[in-house]
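Thanks for coming, everyone. I would like to take a few minutes to walk through one model with you, starting with its sheet and then turning to some charged pairs.

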Amino acid sequence: MANHKWQTIFLFIFINSAMAKAVTYSVTTLGAKPDGKTDSTKAFLSAWAKACASVKPAVIYVPAGRFLLRNALFSGPCKNSLITFRIAGTLVAPSDYRVIGNAGNWLLFRQVNGVTISGGILDGQGTGLWACKNSGKSCPTGATTLSFSNSNNIVVSGLVSLNSQMFHIVINGCNNVKMQGVKVSASGNSPNTDGIHVQMSSGVTILNSKISTGDDCVSIGPGTSNLWIENVACGPGHGISIGSLGKDLQEAGVQNVTVKTVTFTNTQNGVRIKSWGRASTGFARNILFQHAVMINVQNPIVIDQQYCPDKKGCPGQVSGVKISDVTYQDIHGTSATEVAVKFDCSSKYPCSRIRLENVKLIYKNNQGALASCSNAGGTSAGTVQPTSCL
C-alpha cells in the first residue's frame, strides 16, 4: 500500500514536471529578420500571442542579430504565469524618432504576471530626438523604452538599455519586481532619460546595476513602497531621487525605501528628495540611504521642497509633502560645490527625524564643506562632516 502511495506521488511529480517543461517560440521562425531593417513587430507580437495562450510555461527566444521593432504592446492576462523573453540579440527602435515619438512607450507589458526578460540589448536610437529637444524646436515627447504596467512577479536580468528617447525603464502599478545586472547607457546631456522610474508599486528590488544617463539614475515617484536598491553605480546623471513629489494635491506617499552600497560619479545630485512647492497630501517616510560614495558630486545630500520648474503653478506657496524618518548612514566622498548637505524643507511641514550618522564629505582639496538647513529637525551621530546643521 505504501509502495503504491509513493508510485502515485512520483507519477504526480513526473506529470507536473512534464507539464512544467516550457514551450519555446523563436521570433525568427515566426518571420522576424535579424537585419535591423525589416519591421519584425508582427513576429514578436505573434510569439507573444502564442506564449500568452499556452497553458505551459513559455519561452520567447530572440537569437543574435538586430531586430527592428515599432511600438509594441504585450498584454495579459495570460494562460500561464511563467513567460521568459530570452534575448541573445538587439531590439532596435526606428531611427526616425517621429515613428514612435508620440506613442508613450516603445515596449509595453501590461497586466502580465510572471514575465522574465533575460539578456538582450534595447537600442532606443534616441539621439535624434535629444538633438531636436536641445535645439529648442517643437518635438515629440519621446517613448519610454521598456514599461511594465499593472503587472506582478516580474524579473529583468542582464538587460542593456541604450539611448532611450525618454525614460529607459518604467515600473508603474506593479508588485514584486526584481531587476538585476541591468545596464543603462545614454549621454549625460540627454533630456528626460531617467534610468529606472518606479511609481505606484511595491516590492521592487534593483540590484547590481550600472546607470549612466542624462536625468535621474533612479527616480522614485508617488505610491512607491518597500523599494530596495543595492549595489548601483550612477553617473553621469542626476542621482537617485525620491520625487518629484507633490505635483498633485491628492497624492499617494512614498515609504520604506532602502538605498545601499551605491556610488555616484560626476553626478548633479547624490541622494535627493524633492517636492513641488505647493499643497499636497503626499509624504516620504522611513527612508534609509546607507554606504554611499560620492565622487565629485554637485549636491551629495539634498532635500529640496521648493521645486517649481519655470516658476509656474507654485510661486508664493509652500510644499504640503511631509518628509520624516530619513537616515543617512556611512556616506562619504567629495562634493563639487561648497554646500555638500542641503535640507531645504517646507515651512508648513518641516522635515522631522532626519538622522546623519558617519557622514564625511569634503570640498576641493580637503577644504571644509558646508551644511545648510531650513525647516529641518533631527539628530546626528558619529563623525559628521560638514558639521551638522540639524
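I will begin with how the model should be read, then go to the strands, and end with the salt bridges.

What you see is a predicted model, in which local features need pLDDT of at least 70 and side-chain atom pairs count only at pLDDT 80 or more, while totals for chains, interfaces and linings use all residues. Residues are numbered from 1 along each chain as its sequence is written, and side-chain values use heavy atoms, with hydrogens and water left out.

Let me start with the sheet. Here 11 strands form an open sheet with parallel pairing, in the order β5-β8-β11-β14-β17-β19-β21-β23-β25-β27-β29. The edge strands, each pairing on one side only, are β5 (72–75) and β29 (370–374), and from one strand to the next the twist averages 15 degrees. As for the terms, strands (E, at least two residues) and helices (H or I, at least four) are DSSP runs numbered from the N terminus, and two strands pair if DSSP finds at least two bridges between them.

As an example of the pairing, β14 (residues 169–172) and β17 (residues 196–199) run parallel over four bridges, and I171 stands opposite V198 in β17.

Contact here means heavy atoms within 4.5 Å, and angles run from 0 to 180 degrees between N-to-C directions, with axes as lines fitted to C-alpha atoms, for helices over the stretch in contact.

Now, how many salt bridges does a search of the whole structure find? The search finds six, where a salt bridge is a side-chain nitrogen of Lys or Arg within 4 Å of a carboxyl oxygen of Asp or Glu.

One of them joins R70 and D39, whose closest N and O atoms are 3.1 Å apart. Because R70 lies in the loop between β4 (66–68) and β5, and D39 in strand β2 (residues 35–39), the pair ties together parts that are 31 residues apart in sequence. R70 is partly exposed at 43% relative accessibility, and D39 is partly exposed at 39%; buried means under 20% relative accessible area, exposed over 50%, and partly exposed in between, with a 1.4 Å probe and protein chains only.

Another salt bridge is formed by R272 and D216, at 2.9 Å from N to O. R272 is buried at 11%, and D216 is buried at 3%.
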